[in-house]
Amino acid sequence: MLKKHPLLTFIFFGFVLFLISNRLDELRVYQGATVAIYAIGISSLILLIGYSGQVSLGHGALLAIGGYAAALARIHYNAPVWLTFVVAVLAAAAGGALLGLAAARLSGPYLAGSTLALAIGLPSIANQFPILGGEQGLFFDIGLPPASLGADFTQYKWFFWICWSVALIALYWLRNVMNSRYGRSWRAVRSHDVAAELAGIHVGRNKVLAFTISAGLAGLAGALLAMTISLVSPGVFPLALSFSLATGAVLSGVTTLGGVMIGSVALVAIPEFALAIANRYGSETITTNLPGLLVSALLILTVLFVPNGPVEQLRAKRGKNEHPVKKK
Amino acid sequence: MIRINRRKLITTSAVLAIAALTVATVPAQALNPSMGSDPGITASSIKLGITSPLTGIASPGYNKIPGAMKAYFDYVNTNGGVNGRKITLVSKDDQYIPTTAVAKANELILRDKVFALVGTLGTASTKALTASTQLSQRGIPSLFVNTGFSGFADKKAYPTTFSILPSYQMEAKIMAKYVKETYAGKKIALIYQDDDFGRDALAGFKTAGLTFDTYIPYASGSQSLPATGAGWISKLKTAGTEVTVLFGVSSASTAALANAYGAGFKTQWVLGSVGGDATTIAATNKAYVPLLYGAKGFSFAPAPTDTTDEYIKLFQTIYAAAQPTQTFDNNVVAGMSNAFLAVQALKAAGANLTRAGLIKVIETKGSTFASPFLTPLGYSATAHIGATGYWVGTYGPTGALTPDGGKYTVYTTDSGTGPVVLSTYTRPAMPAKGL
């Protein structure tokens, strides 16, 4: 169905989610919204890593740009919610384009290192300018859900609806881009840049474009993240967030969008497991550190046993491996 | 091509139509959370939640608060509970990071389904979690937050939040009166934390008409960097400072005292109540505690060493039984006072306990609650402020703050432009067995 009627599949998926949101308790609804945010963040990394062959360990910084842009647009211009998301995408894409110009000239560990530095450095800029609210950050309040949805309609359900609507539209659009001429060009660049150039593909331009689009999506995820916790501050976008997204992308399989839900659900489920383990065997203090350990362990295991991600692995087993990544 | 698109269009609209129909027939949620009894209470139990730093840089000292609260709640439980209900306290570790505090508060409310929050700690954390978990829209009481940010006493902005500490503005006004009277004509400097916590105090100093010869703001977090404290001291030296007022956290006091000592720089220290905690300073380095000797400090609770005080005597007994290995200090007094006040409020709310009823009773009767504090409580229908004043004391060589002149001379004021006056309040006797 996905191959033949992608739009229908997305609408159907959205409808199922809508039904689910009416049946879950508030905590799960809240976590469901987070899954949508991770799905956008991870797919933006998949676009970058799997499709254009560039690496970013600092995607948290791009999320931060989006989050701050959305909050500032809301606070200073009282922008409607949808507009804050547009502002977030544009701001992060602009940042990504600048970064992409530098990134196109770097590769491998140098690119990883410079994006990592960005993730560490950028959020602390907030401490330098009072308009960004310092360590305490800024509040990002989108207001109550519309009264027409009824008195029982909770804020978290509202977040869930917004996050998933945005995520489904973004993923649908991204799927189409990846199957378009641009997507093919990016894959060509990733597989062999010299061959791509011989085929008439402008390597540099394509890399920058991929970085820009990826950054825009990251900004969107950042704005949604800020919305669900009503706050932007350097603490919202820690280095651990960048690593989580990268882990999520590896868990999902970086060469295809199909597995994006695996990574995003895993990132939300891991702290839950950690809490269950801690409740049984330990104290509250270990719950704070256990998720990090589990995420790292899962990352290592995935790289060892299913380097192309579970979805690609399944396809390979069925002999339908479409875009294998060359093992180096 | 066109045909396929048309077919797609038809199928899409068919699905959308079915979807719309189903939406219309989906029943409204059967469970309405606002009806029936509130979460976290049964006929025999009340569940409360706290998020505070148990680990991380801000945890030394503060991490004793939840344990102290639990000790007092357990004492109440063994004496029959509150209106027949036993209190359980769920404690979470937020490491003093606002976003973690948000996540933990969400867990407390959505997973543990607590009746109310109690004693959340830190201005930034409390602000973030209050906004993010929408305490006021949900009507969840946030009892006795451990921060003096004056904003939390504002009922309009925080309708379900109640302060317990006097506001930083009150503290600054009382400090200003003391400094102006005691150190007239001297060169005075102010070191303060450049966020809502410090700026609240700055507003208080301004209201009280105290201007400093030197202002040294610092960003929260930067006080722990090695160069920061040294930088302050060289600024103080250059300005020829004789009296230094410090309105920051304990790690800032440590940085200031240690660097002044290292540089051989002598000044009269006047420390705000947050930064003058000997336990927290001792957790950094025990050798720094004697550096507090001679500094001026402010408090509103009886001194933890004052065994003539009936509350302190009771708290010491309870705490020694519950946590025999821990030392009894002002953090323990803070935690137990917090729990004590929560019990008074729950008791006053009666057997038919609801969230709205609890908030209402603190607004109407809160100012008459029994409390260990030496100042009146300020709760009213318009203000959610707890203690309303301070006494001045001097730190001894072991870091204990004792009142000047051998007795508590308490000043009281408000967070606005009201004057600082000598308090005429006499604390009512402790309820029987401290229950």
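Two strands pair if DSSP finds at least two bridges between them. In the predicted model described here, strand 1 (residues 45-52) of chain B and strand 2 (residues 86-93) of chain B pair in this way, in the parallel sense and over 8 bridges. Within this pairing, Ser45(B) of chain B stands opposite Lys86(B) in strand 2. Strand 2 of chain B is mostly covered, as 6 of its 8 residues are buried.

Strand 1 of chain B is also joined to strand 3 (residues 116-118) of chain B, by 2 bridges, and these strands run parallel. Here Gly49(B) stands opposite Leu117(B) in strand 3 of chain B. Strands of a sheet pair through backbone hydrogen bonds, either parallel or antiparallel. The sheet in question is an open one of 5 strands in chain B, with the order 2-1-3-4-5 and parallel pairing. Strand 2 and strand 5 (161-163) of chain B each have a single partner strand and stand at the edges, so one side of each is left without a neighbour in the sheet. From one strand to the next, the twist averages 25°.

Helix 12 (residues 330-349) of chain B lies across strand 1, strand 3 and strand 4 (142-145) of chain B, and runs at about 145° to strand 4. Helix 12 of chain B also packs with helix 2 (residues 65-78) of chain B, at an angle of about 45° and with the axes 7 Å apart. Angles between 35 and 65 degrees fall in the oblique class, and helix 2 of chain B is therefore oblique to helix 12 of chain B. The crossing of these two helices is right-handed. On the side of helix 2 of chain B, the contact includes Ile65(B), Met69(B), Tyr72(B) and Val76(B). On the side of helix 12 of chain B, the residues include Val332(B), Met336(B), Phe340(B) and Val343(B). By class, the residues of this contact divide into 14 nonpolar, 3 polar and no charged.

Two helix pairs of chain A were also examined. The axes of helix 7 (residues 181-191) of chain A and helix 9 (residues 203-229) of chain A come within 10 Å and cross at roughly 115°. Helix 7 and helix 9 of chain A are therefore roughly perpendicular to each other. Their crossing is left-handed. Tyr182(A), Ser185(A), Trp186(A) and Val189(A) of helix 7 meet Val203(A), Asn206(A), Lys207(A), Leu209(A) and Ala210(A) of helix 9. The residues of this contact comprise 6 nonpolar, 2 polar and 1 charged.

Helix 10 (residues 239-252) of chain A and helix 13 (residues 290-305) of chain A pack at an angle of about 35°, and their axes are 10 Å apart. The crossing of helix 10 past helix 13 of chain A is left-handed. Residues of helix 10 in the contact include Ala240(A), Thr247(A) and Leu251(A), and those of helix 13 include Val295(A), Leu299(A) and Val303(A). This contact has 7 nonpolar, 4 polar and no charged residues.

Tyr390(B) is found in strand 11 (residues 389-395) of chain B. Tyr390(B) counts as buried because 29 C-beta neighbours lie inside 10 Å. Not counting residues up to four places away in sequence, Tyr390(B) touches Pro166(B), Glu171(B), Ile174(B), Phe298(B), Ser299(B), Phe300(B) and Tyr411(B). Thr364(B) is 26 residues from Tyr390(B) in sequence, and the C-alpha atoms of the two are 24 Å apart in space.

Key: Residues are numbered from 1 along each chain as its sequence is written. Chains are lettered from A and ligands numbered from 1 in the order in which they are written. This is a predicted model: local features need pLDDT of at least 70, side-chain atom pairs count only at pLDDT 80 or more; totals for chains, interfaces and linings use all residues. Axes are lines fitted to C-alpha atoms, for helices over the stretch in contact, and angles run from 0 to 180 degrees between N-to-C directions. Helices (H or I, at least four residues) and strands (E, at least two) are DSSP runs, numbered from the N terminus. Angles under 35 degrees count as roughly parallel, over 145 as roughly antiparallel, 65 to 115 as roughly perpendicular and the rest as oblique. A crossing is left-handed if the near helix is turned anticlockwise from the far one by less than a right angle, and right-handed if clockwise. Two residues are in contact if their C-beta atoms, placed from the backbone, lie within 7 Å. Ala, Val, Leu, Ile, Met, Phe, Trp, Tyr, Cys and Pro count as nonpolar, Asp, Glu, Lys and Arg as charged, and the others, Gly among them, as polar. A residue is buried if 20 or more other C-beta atoms lie within 10 Å of its own, exposed if 12 or fewer, and partly exposed in between; C-beta atoms are placed from the backbone.
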